[in-house]
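I opened the model and kept notes as I went. The entries follow the order of my look-ups.

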Amino acid sequence: MGKESSLLCDDVTEAIGNVPIVRLNRLHHLCQTHNLYLKLESCLPSGSIKDKNAAYLVKDAEKNGFITPGSTIVESSSGNFGIALATVGAARGYQVIIVVDAKTPFPTRRMLQAYGAKLVDVPLEAADTHGSMQIARMQKAQELASQIPGAWYPCQHTNPRNTDVHEILTAREIEMAFGGAPDAIAIGVSTAGQLAGISRYFREKYPQTRLIAVDIAGSTIFGTPPHAYKMTGLGLSFVPPNFEDKMLDIAYTVSDRLAFSVCHALARQEGLLLGGSTGAIVAAALADASRYQTPQQMLLLNPDRGDRYLETIYNPTWLEAQGIELFSSSQIVAAIAALNPVIVRGLSDNSQ
């Protein structure tokens with residue numbers, strides 16, 4: 001007997017895609033001039049867009065014989081991809097080991113363990129000179145994968161297949177929602193999987209659509225000066241192999257303070273409790289919209305939900321300990337007005 005509805009899924013890996021897209025109305029006065037729509041990938045089963053990557057990469061690995069029943073999946077993750085892999089691993093019968101570090105929030109650790117994942121911590125002394133743990137985590141994941149018989153390390157940061165699902169699925173979802181293409185799409189860089197996949201699709205079919213790349217201040221992806229930051233989900237101490245300058249039209253870096261302040265404003269003014277990277281993406285999109293007199297239709301990609309940040313971004317005690325004072329509503333408006341594009345290597349013109 002076949003399925004009676006496309007809503008009936010064989011397992012959690014099929015329950016991805018077609019998330020709500022919500023207009024922003026009260027966050028900023030520019031929301032009255034321009035149409036900013038937030039694509040809530042936070043509504044996916046494990047709470048982030050990484051569900052798409054995890055399901056796609058695991059199924060691809062199964063098809064190519066990289067993993068078989070009883071295999072172990074090893075990955076380095078600050079949160080979302082690890083949780084997504086743990087979800088898929090639980091559904092398909094794989095042991096999952098996630099390499100984490102001191103920046104991994106407590107709720108994220110609890111979520112990983114709830115799905116049955118094993119956590120391996122990288123000590124703080126392994127951090128690089130700017131306090132980044134990514135390289136150390138990746139080295140540890142590679143070491144573990146080489147030691148465990150039959151282990152598979154998808155390595156989201158360097159895997160060229162990490163981009164495919166966003167060309168196949170996310171880009172087409174955007175196209176279907178808009179009956180074509182919006183004027184602009186704002187995307188957090190992270191491993192560049194989302195940016196690369198969506199860029200390939202829209203560069204070919206809708207080259208007039210502006211692609212706005214967003215990163216946290218202190219990350220080195222755009223070639224801006226590195227420094228410590230508290231954001232998880234955005235920021236790298238190296239340029240991911242899937243990132244190329246031609247993928248984007250304009251780029252912004254956003255501070256922890258502004259990103260986290262926008263997160264609180266989204267919760268209180270739009271009823272959306274979302275992750276820190278979304279605060280950065282929304283701030284950058286508003287800054288970009290301010291450059292245009294004519295109304296812009298913009299799609300903003302929301303990577304994850306906010307419940308895993310209740311002990312950090314949404315915790316006044318944690319914010320105070322980090323020396324982060326949230327902006328007031330008027331200060332958010334001023335900070336967004338002061339946000340300028342950054343010059344990216346090889347990108348000769350970042351102007352309108």
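Which residues have the most contacts inside the largest nonpolar core? I note first that this is a predicted model. The largest nonpolar core has 49 residues. L24, L27, V254, L258, V282 and L300 have the most contacts inside it. I then looked up the main contributor. Helix α9, residues 276-289, gives the most to this core, with 9 residues.

**Entry: L300.** I listed the contacts of L300, leaving out residues up to four places away in sequence. L300 touches L24, L36, Y37, L38, K39, A186, I281, V282 and A285. There is also a second, separate core, of 41 residues. Among its members I found M138, I185, A196 and Y201.

**Entry: strands β1, β2 and β9.** I checked the pairing next. Strands pair through backbone hydrogen bonds, either parallel or antiparallel. β1 (residues 21-23) pairs with β2 (residues 35-40) in the antiparallel sense, over 3 bridges. β2 is also joined to β9 (residues 297-302), by 6 bridges, and these two run parallel. Y37 was my reference point. Opposite Y37 I found R23, and in β9 Y37 stands opposite L299.

**Entry: the open sheet.** What is the strand order in the open sheet of 3 strands? I read β3-β4-β5, with parallel pairing. β3 (72-76) and β5 (118-121) are the edge strands; each has a single partner strand, so one side of each has no neighbour in the sheet.

I then followed one pairing in detail. β3 and β4 (residues 95-100) pair in the parallel sense over 5 bridges. S76 has V99 in β4 as its bridge partner.

**Entry: helices by the sheet.** Which helix lies across β3, β4 and β5? I found α5, residues 134-147. Helix α5 runs at about 165° to β3.

I turned to α4 (residues 106-114) and asked for its buried residues. They are P107, T108, R109, M111 and L112. These buried residues pack against α3 (80-92), β4 and β5. I also checked the backbone where the helix ends. Just after α4, G116 takes a positive phi of about 95°.

**Entry: aromatic pairs.** How many aromatic pairs are there? The count comes to 5. I looked at F202 and Y206: their ring centres are 5.6 Å apart and their planes stand at 40°, so the pair is tilted. Are F202 and Y206 buried or exposed? I found both of them buried. F202 and Y206 also form one aromatic cluster with Y201, and Y201 is one of the residues of the second core.

F260 and W318 are both buried.

Entry: In soluble globular proteins, nonpolar side chains tend to be buried together.

Methods
Residues numbered from 1 in each chain as written. Predicted model: local features only at pLDDT ≥ 70, side-chain atom pairs only at ≥ 80, totals over all residues. Heavy atoms only, no water. Pairing = 2+ DSSP bridges. Helix = DSSP H or I, 4+ residues; strand = E, 2+ residues; numbered from the N terminus. Contact = heavy atoms within 4.5 Å. Axes fitted to C-alpha atoms, helices over the stretch in contact; angles between N-to-C directions. Core = buried A, V, L, I, M, F, W, Y, C linked by side-chain atoms within 4.5 Å. Buried < 20%, exposed > 50% of the residue type's maximum accessible area, 1.4 Å probe, protein only. Phe/Tyr/Trp six-rings, centres within 6.5 Å; stacked < 30°, edge-to-face > 60°.
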